[in-house]
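Subject: Handover of a protein structure

Dear colleague,

Please find the structure below, together with its sequence.

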Amino acid sequence: MIRSLAIFSLATVLLAILSMPFLVLRPGETVLGGQYHITSDTPLEKDVSFYFAQVTIDEGALVDGHIFLYSSTL
């Protein structure tokens with residue numbers, strides 16, 4: 001009983017640590033996977049964190065914010 005409670009507690013702590021980047025470290029929008037295209041017609045005016053995404057920015061596109069890439073390509 002105590003052993004399974006200890007394993008459950010450890011798993012909960014690890015899950016909380018692993019989810020921190022999604023919730024705390026980078027406020028703003030979060031994009032998980034897929035393809036994201038920033039054109040001159042659709043400017044990016046906020047902070048965005050991309051996880052496992054393919055991001056394309058056209059020449060002359062407006063980016064007024066921060067872009068954070070985690071296991072993504074730009």
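Accessible areas are calculated by the Shrake-Rupley method with a 1.4 Å probe, and for residues only the protein chains shown count as cover. On that basis, the protein chain has an accessible surface of about 5,700 Å², and 64% of it belongs to carbon and sulfur atoms.

Please note that this is a predicted model, in which local features need pLDDT of at least 70 and side-chain atom pairs count only at pLDDT 80 or more, while totals for chains, interfaces and linings use all residues. Residues are numbered from 1 along each chain as its sequence is written, and side-chain values use heavy atoms, with hydrogens and water left out.

Confidence is expressed as pLDDT, the predictor's confidence in each residue on a scale from 0 to 100. The chain has a mean pLDDT of 82, and 88% of its residues reach 70 or more.

Regarding the overall fold, the chain contains 1 helix and 5 strands. These are DSSP runs numbered from the N terminus: helices are H or I runs of at least four residues, and strands are E runs of at least two. Their order along the sequence is α-β-β-β-β-β.

Burial is described by relative accessible area: buried means under 20%, exposed over 50%, and partly exposed in between (1.4 Å probe, protein chains only). Of the 74 residues in the chain, 16% are buried. The largest nonpolar core has 8 residues, namely Val31, Ile38, Leu44, Val48, Phe50, Ala53, Val55 and Ala61. Such a core is a set of buried Ala, Val, Leu, Ile, Met, Phe, Trp, Tyr and Cys residues joined through side-chain atoms within 4.5 Å.

A contact means heavy atoms within 4.5 Å. Not counting residues up to four places away in sequence, Phe50 touches Val31, Tyr36, Val55, Ile67, Phe68, Leu69, Tyr70 and Ser72. Gly33, in the loop between S1 and S2, is in contact with Tyr51, Phe52 and Ala53, leaving aside its neighbours within four places in sequence. The C-alpha atoms of Gly33 and Ala53 are 4.2 Å apart, although the two residues are 20 apart in sequence.

How many salt bridges does a search of the whole structure find? It finds 1 salt bridge, a term that requires a side-chain nitrogen of Lys or Arg within 4 Å of a carboxyl oxygen of Asp or Glu. The side chains of Glu29 and Lys46 meet in it, at 2.8 Å from N to O. Glu29 lies in strand S1 (residues 29–32) and Lys46 in the loop between strand S2 (35–38) and strand S3 (48–51), so the pair ties together parts that are 17 residues apart in sequence. Glu29 is partly exposed at 29% relative accessible area, and Lys46 is also partly exposed, at 41%.

Asp64 is situated in the loop between strand S4 (54–57) and strand S5 (67–70) and is exposed, with a relative accessible area of 53%.

Yours sincerely,
A colleague
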